Structure formats: structure tokens, C-alpha cells
Amino acid sequence: MSTLREAPQDRIFTVPNVLSMARLVGVPLFLWLVLVEADWWALGVLVFAGLSDWLDGKLARALNQTSRLGMVLDPAADRLYILATLVGLTIRDIIPLWLVVALVAREFAILPIAPIIRRLGYGGTLPVHFIGKAGTMCLLYAFPLLLLGDHDGGAGTAAKVAGWSFAIWGTGLYWWAAVLYWAQTRQLVLAGRAAPPASGAEPGPGPAPGGAGPGAEPAAGDQKGAETPR
């Protein structure tokens, strides 16, 4: 039974993975559309990206097609869309440089977490926390609204106000998630130091909070796992 449950995790060509790959292919197209100021087409690509992001998670659970590749592709696509949007909107002077620095600095802030987790001997990785997912979604709402806010008229002004609201909340949640990931990583490090190795077994990190041992995914919320936290 366990073999049957684990086998789908190594599958590549699943419906959720195909959706994630299509979302990745849309990243350079989206950036080009932003740079040539084809804003409505760019927004269409973003809408597709947002819908496919929601749909692939639903399908992965409904069809039992969760895979390790999907755990990497899903957050990678979100990050690349955010990066492409930051580049495009910065070049067009729609967003200020300080926002770009704040978001890029957050990515560097959580960069050491993955090697620390691997060094502790955990086969799994930190699952995406709800706070991180919420921050990502706020930013994905903020950028198209800011893009619309670059146009004249009352609708453009309203979009700009709403866009900045989402951008500020998203940036705050993004950093809050980074603090939570580091707090969890610290708990795992302390647990590994405190637990003595079992008799006759090779030394290694102790069980994670909640009773999970090396090779298990430490609990950090009820979201699906990712190669690195969001």
C-alpha cells in the first residue's frame, strides 16, 4: 500500500504539473507584453496564471497527483511571475525601487533555510505556510492593479489605490512568513541538538516538534510542501 501511495510522487506528466509548466512558459510572454505596454494582454496572462495556480492545487489533491516536481514548480512559477512583474513595472517607473529591494531582500533572507533543513537530515522540506501563500496572493493581486493604475481616469486611480493596499499588505505578510520559517527552523535545530541518538543507531538529528523524525516533513501549516518556503 505504501508503495502505491508513494509512486505518484515521482510522476512528471500529471495534469497539475502540465498546468504549472504552462504557467512557467507564460512568464517571458508576460514580461514582454508589459514592456511593450500591451497591458490588457499582460493582464490576461496573469489571470490565466492565477487561475491555473488555484486549479493545479485542487486537481493535485482531487486526482491524487501530488508530486515532488509539482512541489518545486508551483512556488517557482509564483516567484518568477513576481520577479518578471517587478522588472517590468520598475522599468516602466510604475513601482519604486524600495519595493523591489524589500521583496528581493526577503528572498535572500530565507535562502539559507533549505540547506539548514537538509543538513539536519530531514528528507522533506518546510511546507508553504498560509501566511506566505496569502502574501504571495496579495502581491499577485497588487501588480496587475498597479499596472491598471498607470492609466488615466477614475478607474485607473481606484486601481492604483487598491494596488498599493495589496502591495503593502503583501510585502508585510511576505516578511512575516519569513520570520515564521526561521522560527520553525530554529525549533528544528534545537530539537536536533537536544535529542540524544538512539542506542545502536548512527547519530543524527532528533525528532521534530510534533513527533516527526528525519525524513518527515516538519509541520508548518496545512499547505502543500515546496522546495523552499514562500
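A charge sits over a ring if NZ of Lys or CZ of Arg is within 6 Å of the ring centre and within 35 degrees of the ring normal. Keep that in mind for the first close-up; everything shown here comes from a predicted model.

**View 1. An arginine over a tyrosine ring.** Here we look at R106, which lies over the face of Y174. How far is R106 from the ring centre of Y174? The distance is 3.9 Å.

**View 2. The whole chain, for orientation.** Before zooming in again, here is the overall layout. The chain has eight helices and zero strands, so read from the N terminus the elements simply go α-α-α-α-α-α-α-α. Of the 230 residues in the chain, 44% are buried. If you look at contacts in the chain with a separation of 6 or more, 82% of them come from residues 24 or more positions apart.

**View 3. F30 and Y81, a tilted aromatic pair.** A search of the whole structure turns up three aromatic pairs, and one of them is F30 with Y81. The ring centres of F30 and Y81 are 6.1 Å apart and their planes sit at 55°, so this pair counts as tilted. A pair would need planes over 60 degrees apart to count as edge-to-face, or under 30 to count as stacked. F30 belongs to helix α2 (residues 15–35) and Y81 to helix α4 (residues 68–91), so the pair ties together parts that are 51 residues apart in sequence. Are these two residues buried or exposed? F30 is buried, with a relative accessible area of 1%, and Y81 counts as buried too, at 1% relative accessibility.

**View 4. Helix α3 running against helix α4.** The axes of α3 (residues 39–62) and α4 come within 11 Å and cross at roughly 160°, which makes α3 roughly antiparallel to α4. The crossing of this pair is left-handed. On the α3 side, the contact is made by V45, L46, A49, D53 and D56.

View 5. I117 is in helix α6 (residues 113–119). I117 is buried, with a relative accessible area of 3%. The C-alpha atoms of I117 and L188 are separated by 8.1 Å, although the two residues are 71 residues apart along the chain.

**View 6. Two loop residues with positive phi.** Which loop holds E37? E37 is in the loop between α2 and α3, and has a positive phi of about 65° although it is not a glycine. E37 is exposed, with a relative accessible area of 54%. D93 lies in the loop between α4 and α5 (97–110). Phi of D93 is near 60°, again a positive value in a residue other than glycine. At 68% relative accessibility, D93 counts as exposed.

Terms used: Residues are numbered from 1 along each chain as its sequence is written. This is a predicted model: local features need pLDDT of at least 70, side-chain atom pairs count only at pLDDT 80 or more; totals for chains, interfaces and linings use all residues. Side-chain values use heavy atoms; hydrogens and water are left out. Helices (H or I, at least four residues) and strands (E, at least two) are DSSP runs, numbered from the N terminus. Buried means under 20% relative accessible area, exposed over 50%, partly exposed in between (1.4 Å probe, protein chains only). Rings of Phe, Tyr and Trp (its six-membered ring) pair if their centres lie within 6.5 Å; planes under 30 degrees apart count as stacked, over 60 as edge-to-face and the rest as tilted. Axes are lines fitted to C-alpha atoms, for helices over the stretch in contact, and angles run from 0 to 180 degrees between N-to-C directions. Angles under 35 degrees count as roughly parallel, over 145 as roughly antiparallel, 65 to 115 as roughly perpendicular and the rest as oblique. A crossing is left-handed if the near helix is turned anticlockwise from the far one by less than a right angle, and right-handed if clockwise. Contact means heavy atoms within 4.5 Å.
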